[in-house]
Amino acid sequence: MAKNLNTNLSVLDAVSEEINNSIFRLGHANVGLSAALIGSGMAFGYALFKNIMLTIDAVGGFDRALELSLIKEGKRIYYLPEVDVLDEKVQNHANFSNQRRRWLSAQIHYLGRFIGDVPAAILKGNWDFCDKVFQQMSIPRILLLGMTFVISLFLSFVAGGLAIKWWILFVVLIVALLLAIPSSLFSKQLVVALFELPYSFLLMLRNLFRLKGANKKFIHTSHGVEDKK
């Protein structure tokens, strides 16, 4: 959970994390699948962690590699909703862009690396692994929201009938995300922070063209509000 809510972007980052908690961690655990890992707030048996890390050569996105490697071997990842781990959230757009660029690059990289293991996983009935690989195919949430809105708006002018289903899809997506946000984060501050979404969407869109080499070097994410570079 968020350690800080001192800027509009940190509020949006906190909301994004809680959506991940609701859907990809607690939600998955409730239906018998593994919870998604995150780069911090994890606990392992030491021998297991040591052995699996010896097989991982990740520079960026090591938690994705760790998650997929563990589940490929049939391990289960659990979620402890009663344990609060404070995490400092990004506070400006430059740091947000760098962080999401690293995440997006890692997502694409590990999709390519593990997708070939899906047929064997299907034969073994390892649906947990198949689900995790499928998640690597998912469009990042802010891009999904922004692109669905843009397509809906565009079709409203060129194909009104076709636009209806896209607007329905957009509304359903928003409702699903709202249901995943804890009530404690609904505030006037969140309403104000939502106006940052269009710019954040554009930054993520730009990141699609800046992925080359991002997974081959460590991209540090500063968190302090004074870090503007």
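How many helices and how many strands does the secondary structure of the protein chain come to? The protein chain has ten helices and zero strands, where helices (H or I, at least four residues) and strands (E, at least two) are DSSP runs numbered from the N terminus.

This is a predicted model, in which local features need pLDDT of at least 70 and side-chain atom pairs count only at pLDDT 80 or more, while totals for chains, interfaces and linings use all residues. Residues are numbered from 1 along each chain as its sequence is written, and side-chain values use heavy atoms, with hydrogens and water left out.

Of the 229 residues in the protein chain, 41% are buried, where buried means under 20% relative accessible area, exposed over 50%, and partly exposed in between (1.4 Å probe, protein chains only).

A search of the whole structure finds seven salt bridges, a salt bridge being a side-chain nitrogen of Lys or Arg within 4 Å of a carboxyl oxygen of Asp or Glu. Three of them are listed here.

| Salt bridge | Closest N and O atoms |
|---|---|
| R25 and E17 | 2.8 Å |
| K72 and D117 | 3.3 Å |
| R76 and D128 | 3.4 Å |

R76 lies in the loop between helix 3 and helix 4 and D128 in helix 6 (residues 127-137), so this pair ties together parts that are 52 residues apart in sequence. R76 counts as partly exposed because its relative accessibility is 41%, whereas D128, with a relative accessible area of 8%, is buried. Salt bridges that share partners also join E17, R25, D87 and K89 into one network, and within it both R25 and E17 are buried.
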